[in-house]
Amino acid sequence: MNTRRILTAGALVATGALVLAGCSTGDDTAASGGDKEFAGETIIVTSFGGDWEKAFIEAVVDPFEEETGAKVELITLYSADALAQVTAQKASPQIDVVHFSGGQEFTAAQQGLIAPIAADELSETDDLIDLATAGLERGEGPVIQLAPIGLVYNTEADAPAPTSWLDLFDDAYAGHIALTDFSNTYGVLSMLRVADALGGGIDDTSQAITDLGALASSGDAIVVPTSPDLQTAFAQRDTWLAPYAMDYAGTLQDAGLPVEFIVPEEGVTASLITANVVEGRDNPDLAKLFIDFELRPEAQAVFAENMRYSPVNTKTELSDDAADNVLTGDELETVVVYAPGDVAASRPAWTDEWNALITK
């Protein structure tokens, strides 16, 4: 496996220069690399690091390098930092494929930072769920993975298993709830599902924010900012119930915690991971081909088996265990997804309202 890691922005710039220089001598490199179409070429791709990156290398990077002859450079950038970097580099982009998990693809498309992808440029289009390609018409890249967000329940709790988003306000769980801060997209998306259950929806979230904030300010709930903090809450702080993602419920189970993921009767929402071609690079066809590899059923299976992400390719074949631990096929048709532009426009105000309540 020839994948190399880029650790700093300075290294990224330097490597970009080397990539451009390498293109000028690509004939010699390709000649030594056999008859693979893209031998001697390199693309730079963002990664989320950690376990995601391990699965990513197995599912996508290694097969891509083996089949195309191209090399992949990985740089670890979380979504907000990735958007900041491609914005700063707009005049001279240094990244080919950028991944987002917090809706940043909407802003990137609006600002011309990513290149549109036509559905017929992806060989897997006909086998993808509708949600995977819904953003293409807005100039966004396809959804390559999704993590359903519902309720994570402690099966050893002295309270019944929840059935509704509104069970967060049931006295049976008082003092044993963990809510996610609005600095984390999971917290915002969970709030929107509560708003739907209360009847206000995305256009009227005040009651949901007020009621959730009251849980926190009264001590009936704690507020956690990150996934590791949620694990600590279940392991050490006697948490029984938390709105969170299905894949992380699996992480808690792997850590030996007695939890299960519950789909509320009102349905789940989801955190979406998109893959996007950065505008202005000199190898967009290779970048699109890389994204096509991410959508292959074989790649989707690795992420479902290893990380419990729901596959967006309907041809994905899963083991019985994985099939029991992710939502697939028709189950994904009921996922409620909020327009990223609406969320982006309102999120600052929601966050201000939330912060004012939880700091009381």
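A: Two strands count as paired if DSSP finds at least two bridges between them; helices (H or I, at least four residues) and strands (E, at least two) are DSSP runs numbered from the N terminus. The model is predicted, so local features need pLDDT of at least 70 and side-chain atom pairs pLDDT 80 or more, while totals for chains, interfaces and linings use all residues. Residues are numbered from 1 along each chain as its sequence is written, and side-chain values use heavy atoms, leaving out hydrogens and water.

Strand β2 (residues 42–47) runs parallel to strand β3 (residues 71–76), joined by six bridges. Within this pair, I43 lies opposite V72 of β3. Between β2 and β3 the chain passes through helix α3 (residues 50–68), and this β-α-β crossover is right-handed (clockwise from the first strand over the helix to the second, with the strands pointing away from the viewer).

Elsewhere, the axes of helix α7 (residues 185–198) and helix α14 (residues 340–358) come within 12 Å and cross at roughly 95° (lines fitted to C-alpha atoms over the stretch in contact, with angles from 0 to 180 degrees between N-to-C directions). The two helices, α7 and α14, are therefore roughly perpendicular (65 to 115 degrees). T185, V188, M191 and L192 of α7 meet V343, R347 and W350 of α14, contact meaning heavy atoms within 4.5 Å.

Conventions
Parallel < 35°, antiparallel > 145°, perpendicular 65-115°, else oblique.
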